[in-house]
Amino acid sequence: MHASTASQLTTFHSLSSLPPRESNPCSPFRYSLTSREAKKKSIPTRRISVGQRRVPPFCPSVSASSQVAPASAEASKASSIPSEMKAWLYGEYGGVDVLKFEPKVTVPEVKEDQVLVKVVAAALNPVDFKRRQGKFKATDSPLPTVPGYDVAGVVVKVGSQVKNLKVGDEVYGDINEKALEGPNQFGSLAEYTAVEEKLLAPKPKNLDFVQAAALPLAIETAYEGLERTGFSAGKSILVLNGAGGVGSLVIQLAKHVFGASRVAATSSTRKLELLKSLGSDLAIDYTKENFEELPEKFDVVYDAIGQCERAVKVVKEGGSVVALTGAVTPPGFRFVVTSNGAVLRKLNPYLESGKVKPVIDPKGPFPFSQVVEAFSYIETNRATGKVVIHPIP
Ligand SMILES: NC(=O)c1ccc[n+]([C@@H]2O[C@H](COP(=O)([O-])OP(=O)(O)OC[C@H]3O[C@@H](n4cnc5c(N)ncnc54)[C@H](OP(=O)(O)O)[C@@H]3O)[C@@H](O)[C@H]2O)c1
């Protein structure tokens, strides 16, 4: 984290600085929630009331408070480890139809530097479906594959060299240190997953498992990309795809952790209010405006959609363009995220204070039985924030 970051603590624009409730269409007070819906989703949701607005705002769950989440009963549930578990897996590359529910998969052994996690919630990322489609087969682990990078759960077993985690700890993380180079054969869409201790961090105290699972790969990507551009306090940034899993966190980290002077971001019409609620000073509707025609240029452009050729046109001389996907146009550059529990530990205070919040798509969480539906949904490229899987049996 940049040295300047800590000094920004006092200048954060928290969500409490949002417009008054009546003018903020993403305020929970705008929407009604039945107790049945709330119970099913286990996160605050609301029914979108289509009223005066031609395009109703789209308000996913941006949910966290600085209060400690109630103690979970998950640790006590996880006391005995079976030899077999339920998992989703695929034995060949292809569309969603290759995904199979398998009731008897061997529970993975832990290596000396690993812990076994009882999965309480998992989340999907685009890499999960791109991998399943065979896009990374040259560097993939052998089939069959249990997919899933993101996990939140409880440690139930520790390897002989594990130093800082113990049975009963509530943790979260991205289980694959290198996203594309030999990712684990047994991922997080299972009852148990084995993970290197160094890839995990304690679950933020104020977040439940669903909220924690929504963070690791996306927030580590957001953070690593900002670091690689040399982002620091006082700089301006344009985020292309501000409403997705990564972009929603780039906006928040840039504004509330790094101290950006100005944040602009793109989305379609109904997600513009979300961008503003996350910290965007300027929300650009990509269905109506070309960001290249803006009268301003930015110190950094963070391309989370694959528009690098256009992105380089709006960066200041000497600025940086980071691209997560698609073709790269100089001076743009691409990187592939490295999972690192230390990054999560560094960011935990910002999560626990509520400065940075997970964004969870309101169509979820999807129960474990609906993993195919969850994949189909994320593959539409329309998900807002994260697609979470919960409960896991
Ligand atoms: N290199 C790496 O290490 C790395 C790491 C993580 C992710 N990635 C890649 O980065 C990309 C983004 O990941 P993600 O998890 O953030 O994806 P995501 O959450 O699935 O992104 C979905 C969002 O994309 C938005 N979107 C679609 N077309 C858009 C457009 N033309 N302009 C602006 N927004 C648009 C949608 O908003 P609307 O409905 O408003 O269109 C939707 O909210 C993926 O390709 C992923 O594979 C790479």
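Trainee: Is L238 buried or exposed?

Mentor: Welcome! This is a predicted model, in which local features need pLDDT of at least 70 and side-chain atom pairs count only at pLDDT 80 or more, while totals for chains, interfaces and linings use all residues. Residues are numbered from 1 along each chain as its sequence is written. A residue is buried if 20 or more other C-beta atoms lie within 10 Å of its own, exposed if 12 or fewer and partly exposed in between, with C-beta atoms placed from the backbone. L238 has 28 other C-beta atoms within 10 Å, so L238 is buried.

Trainee: Which residues does L238 touch, not counting those up to four places away in sequence?

Mentor: L238 sits in strand β9, residues 236-240 (helices are DSSP runs of H or I with at least four residues, strands are runs of E with at least two, and they are numbered from the N terminus). Contact here means C-beta atoms, placed from the backbone, within 7 Å. Beyond its sequence neighbours, L238 touches A264, F291, F298, V301 and V314.

Trainee: How many Å apart in space are L238 and D303, C-alpha to C-alpha?

Mentor: Along the chain, 65 residues separate L238 and D303. From C-alpha to C-alpha, the gap in space is 8.2 Å.

Trainee: What share of the protein's contacts with a separation of 6 or more comes from residues 24 or more positions apart?

Mentor: The protein has 393 residues, and 49% of them are buried. Its elements are eleven helices and 16 strands. Of the contacts with a separation of 6 or more, the share from residues 24 or more positions apart is 70%.

Trainee: Why does A121 count as buried?

Mentor: A121 belongs to strand β4. Setting aside neighbours within four places in sequence, A121 is in contact with residues including A152, F209, A213 and I389. A121 counts as buried because its C-beta neighbours inside 10 Å number 26.

Trainee: Which element gives the most to the shell around the ligand?

Mentor: The shell holds 29 residues, with P126, G244, G245, S268 and V337 the closest; a residue is near a molecule if its C-beta atom, placed from the backbone, lies within 6 Å of it. Elements giving two or more residues are α4 (126-132), α6 (216-228), α7 (245-257) and β10 (262-267). With three residues, the one that gives the most is α7.

Trainee: How many residues of α7 are buried?

Mentor: Helix α7 reaches 17 Å from its first C-alpha to its last, close to the 18 Å expected at 1.5 Å a residue (that is, 1.5 Å times one less than its number of residues). Just after α7, G259 takes a positive phi of about 80°. The helix is largely enclosed by the rest of the structure, because its buried residues number 13 of the 13.

Trainee: Is N381 buried or exposed?

Mentor: N381 has a positive phi of about 65° although it is not a glycine, and its place is the loop between α11 and β16 (387-389). It has 10 C-beta neighbours inside 10 Å, so N381 counts as exposed.

Trainee: What is omega for the peptide bond from G364 to P365?

Mentor: P365 lies in the loop between β15 (359-360) and α11 (371-378). The bond from G364 to P365 is cis, with omega near -5°.

Terms used: Two residues are in contact if their C-beta atoms, placed from the backbone, lie within 7 Å.
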